[in-house]
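Please look over the sequence and the model below.

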Amino acid sequence: MGVAESSGVSFTSFQLRGVAYQWWRAYELSSMDEATSLTWTQFSDMFLRKYVPQSLRDAWRADIEQLRQGTMTVSEYTYRFSDLARHAPALVVTVRERVRRFILGLYPSIRISIVRELEMDISYQQVVSLARWLEGMLARDR
């Protein structure tokens with residue numbers, strides 16, 4: 001996962017302050033070997049369990065599962081989707097799953113035109129670009 005997976009723990013833990021810093025420092029001191037080999041996903045999971053109530057994480061999960069474009073533009077929907085995905089990483093573990101969830105929430109006329117992309121290895125950003133392009137085409141046709 002690039003920089004985030006290999007260096008994300010170092011970058012993030014360096015920025016911790018107050019109680020969060022004390023929590024991380026105590027973890028480092030008690031688990032020296034584990035702390036240095038911790039992946040971003042492991043660190044993120046530990047941090048969320050410690051500082052974000054389960055009820056809030058459950059609400060984020062429900063929000064992303066129910067998210068639909070509705071009256072939002074593709075750009076607004078993309079922003080909302082990305083924000084929720086950040087809080088529910090277990091639902092979008094792979095690029096393919098992220099793309100699938102994004103497409104399923106799109107407005108029906110855009111979703112129908114883009115659903116074949118689920119069968120291809122396409123990046124999330126490519127799907128977003130395609131959805132924006134289709135939205136523009138639909139707006140011009142009206």
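A crossing of two helices is called right-handed if the near helix is turned clockwise from the far one by less than a right angle, and left-handed if anticlockwise. The model to which this is applied here is a predicted one.

We begin with α7 and α9. Helix α7 covers residues 95-104 and helix α9 covers residues 124-141; their axes lie 9 Å apart, and the helices pack at an angle of about 20 degrees. Angles under 35 degrees count as roughly parallel, and α7 is therefore roughly parallel to α9. The crossing in which α7 passes α9 is right-handed. On the α7 side the contact is made by Val95, Arg98, Val99, Phe102 and Ile103, and on the α9 side by Tyr124, Val127, Val128 and Ala131. Sorted by class, the contact of α7 with α9 has eight nonpolar residues, no polar residues and one charged residue.

Ala131 belongs to helix α9, and it counts as buried because its relative accessibility is 0%. Apart from neighbours within four places in sequence, Ala131 is in contact with Val74, Phe102, Leu106, Ile110 and Ile114. Ala131 and Tyr107 are 24 residues apart along the chain, and their C-alpha atoms are separated by 9.6 Å. Thr78 is in helix α6. Its relative accessibility is 9%, so Thr78 counts as buried. Not counting residues up to four places away in sequence, Thr78 touches Phe102, Tyr124, Val128 and Arg132. Of these, Phe102 of α7 and Tyr124 and Val128 of α9 also take part in the contact of the two helices.

Helix α6 also meets helix α5. The axes of α5 (residues 54-66) and α6 come within 9 Å and cross at roughly 140 degrees. That angle makes α5 oblique to α6, because the cut-off for roughly antiparallel is over 145 degrees. This crossing of α5 and α6 is left-handed. From α5, the residues Trp60, Asp63 and Ile64 meet Arg80, Phe81, Leu84, Ala85 and His87 of α6. The contact of α5 with α6 is made up of five nonpolar, one polar and two charged residues.

The other helix contact to look at is that of α2 with α4. Helix α4 spans residues 40-51, and its axis comes within 12 Å of the axis of α2, with a crossing at roughly 130 degrees. α2 is therefore oblique to α4. α2 passes α4 in a right-handed crossing. Val19, Ala20, Trp23, Trp24 and Tyr27 in α2 meet Phe43, Met46, Phe47, Lys50 and Tyr51 in α4. Nine residues of the contact of α2 with α4 are nonpolar, none is polar and one is charged.

Trp23, Trp24, Tyr27, Phe43, Phe47 and Tyr51 form one aromatic cluster. A pair of aromatic rings is described by the distance of the centres and the angle of the planes. Rings whose centres lie within 6.5 Å are taken as a pair, and by this rule the count comes to 13 aromatic pairs. One of them joins Trp24 and Tyr27: the ring centres are 5.4 Å apart and the planes are at 25 degrees, so the pair is stacked. Trp24 and Tyr27 both lie in helix α2 (residues 18-30), three residues apart, which is about one turn of the helix. Trp24 and Tyr27 are both buried.

How are the rings of Tyr77 and Phe81 arranged? Their centres are 6.1 Å apart and their planes are at 45 degrees, so the pair is tilted. Tyr77 and Phe81 are four residues apart in helix α6 (residues 74-87), and so are separated by about one helical turn. Both Tyr77 and Phe81 are buried. Phe81 is also one of the α6 residues that meet α5.

Gly18 is found in helix α2. Is Gly18 buried or partly exposed? With a relative accessible area of 45%, Gly18 is partly exposed, because the cut-off for buried is under 20% and that for exposed is over 50%. Gly18 and Arg98 are 80 residues apart in sequence, and from C-alpha to C-alpha they are 34 Å apart in space. Arg98 is one of the α7 residues that make the contact with α9.

Definitions and conventions. Residues are numbered from 1 along each chain as its sequence is written. This is a predicted model: local features need pLDDT of at least 70, side-chain atom pairs count only at pLDDT 80 or more; totals for chains, interfaces and linings use all residues. Side-chain values use heavy atoms; hydrogens and water are left out. Axes are lines fitted to C-alpha atoms, for helices over the stretch in contact, and angles run from 0 to 180 degrees between N-to-C directions. Angles under 35 degrees count as roughly parallel, over 145 as roughly antiparallel, 65 to 115 as roughly perpendicular and the rest as oblique. Contact means heavy atoms within 4.5 Å. Ala, Val, Leu, Ile, Met, Phe, Trp, Tyr, Cys and Pro count as nonpolar, Asp, Glu, Lys and Arg as charged, and the others, Gly among them, as polar. Rings of Phe, Tyr and Trp (its six-membered ring) pair if their centres lie within 6.5 Å; planes under 30 degrees apart count as stacked, over 60 as edge-to-face and the rest as tilted. Buried means under 20% relative accessible area, exposed over 50%, partly exposed in between (1.4 Å probe, protein chains only).
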